[in-house]
Each structure stands twice: as C-alpha cells, then as structure tokens.
Amino acid sequence: MSVFHFKEFIVNQENCPMKINTDGVLLGALCDVQKAKSICDIGTGTGVIALMLAQRNHQSKIDALDIDYRAVDTASLNFQNSLFHERLAAHHHSFIEFFEMHPTKKYDLIISNPPFFLNALKSPHHQTNLAKHTDEAFLLIC
C-alpha cells in the first residue's frame, strides 16, 4: 500500500525507501507538542511525523529535514496536499548543514526517528541503506 489515510491528511510513500512504520506513527502520536510553536523533524522521510505534529498543534511551524532528495520531494508533496501546508517546510539538508546555514534558529521541539541499523547486513539499494542504516559517527553527533 503506497497511500496511508490519517484523520486529517493522507501520506503517499510511493517513492520513499523508508515506509511508514509503527515506531514512527507512535512517535508522532505520543510526542508532547502542546507548547511547541517551532518544531524540527530530522530525517522526515515521507513527512508523516511532521504532519502528525502539525495536525495535533495548529500553531506550530515545522522544518522537516532529510538527506535523501526523493524523501524531501515526497514529504513536500505530502505537505502541499495537507491542510497544514503553510506551516510545513521540507529541506534537503542534513541537520548539521541546516544548523550551519541557520546558526540562530531555535526550536521548542526537535524530533527524529533516525536510521537504527548499525553494523547490520545492508541492502543492495543505496536509498534503502541511507534510510535504515547509520554508523557510529551519527550516534556520536547526536
């Protein structure tokens, strides 16, 4: 299934290597966003977590970052097709690049559902590896 229907939006995940999964949906549902006016979603993928947070807090503005250009294109389309499109922005940058470009940017909430496979068997597909695998350097930065 390439399209998921949520309460107030839909998510097309056709061109994303990392599909919507339980941990991402739970993270978006359980995160406390009531007081967050500015949010950064690192590794947005399809944009599902950013959309969920925008749905739950109608005052929040969200920057969604991803290093995969196809994910950013997918998230951008999902954002444009939502009721919250004016409060969502997808950026094709790593979080390090983004914060170097915007050193004074501050957020009330930073959320991430990062790649979680470390030293695991990799796929023959580069985009899948980018979405699902990380290395020790990523963990040291976080």
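This is a predicted model: local features need pLDDT of at least 70, side-chain atom pairs count only at pLDDT 80 or more; totals for chains, interfaces and linings use all residues.
Residues are numbered from 1 along each chain as its sequence is written, and side-chain values use heavy atoms, without hydrogens or water.

Strand 4 (residues 61–65) and strand 5 (residues 88–91) run parallel and are joined by 4 bridges, where pairing requires that DSSP finds at least two bridges between the strands. Strand 3 (residues 38–42) also pairs with strand 4 in the parallel sense, over 5 bridges, and within this pairing D63 is the bridge partner of C40. Of the 5 residues of strand 4, 4 are buried, that is, under 20% relative accessible area with a 1.4 Å probe and protein chains only.

## Helix 3

D68 caps the N-terminal end of helix 3 (residues 69–80) through a side-chain oxygen that lies 2.8 Å from the backbone nitrogen of R70. The buried residues of this helix are A71, V72, T74, A75, N78 and F79. They lie on the same side of helix 3 because they cover an arc of only 165 degrees around the axis, taken from the directions between the helix axis and the C-beta atoms. On the other side, L77 and Q80 are exposed, meaning over 50% relative accessible area.

Notes:
Helices (H or I, at least four residues) and strands (E, at least two) are DSSP runs, numbered from the N terminus. A polar contact is a pair of N or O atoms within 3.5 Å; within protein, one must be able to donate a hydrogen and the other to accept it, and residues adjacent in sequence count only if both atoms are side-chain atoms.
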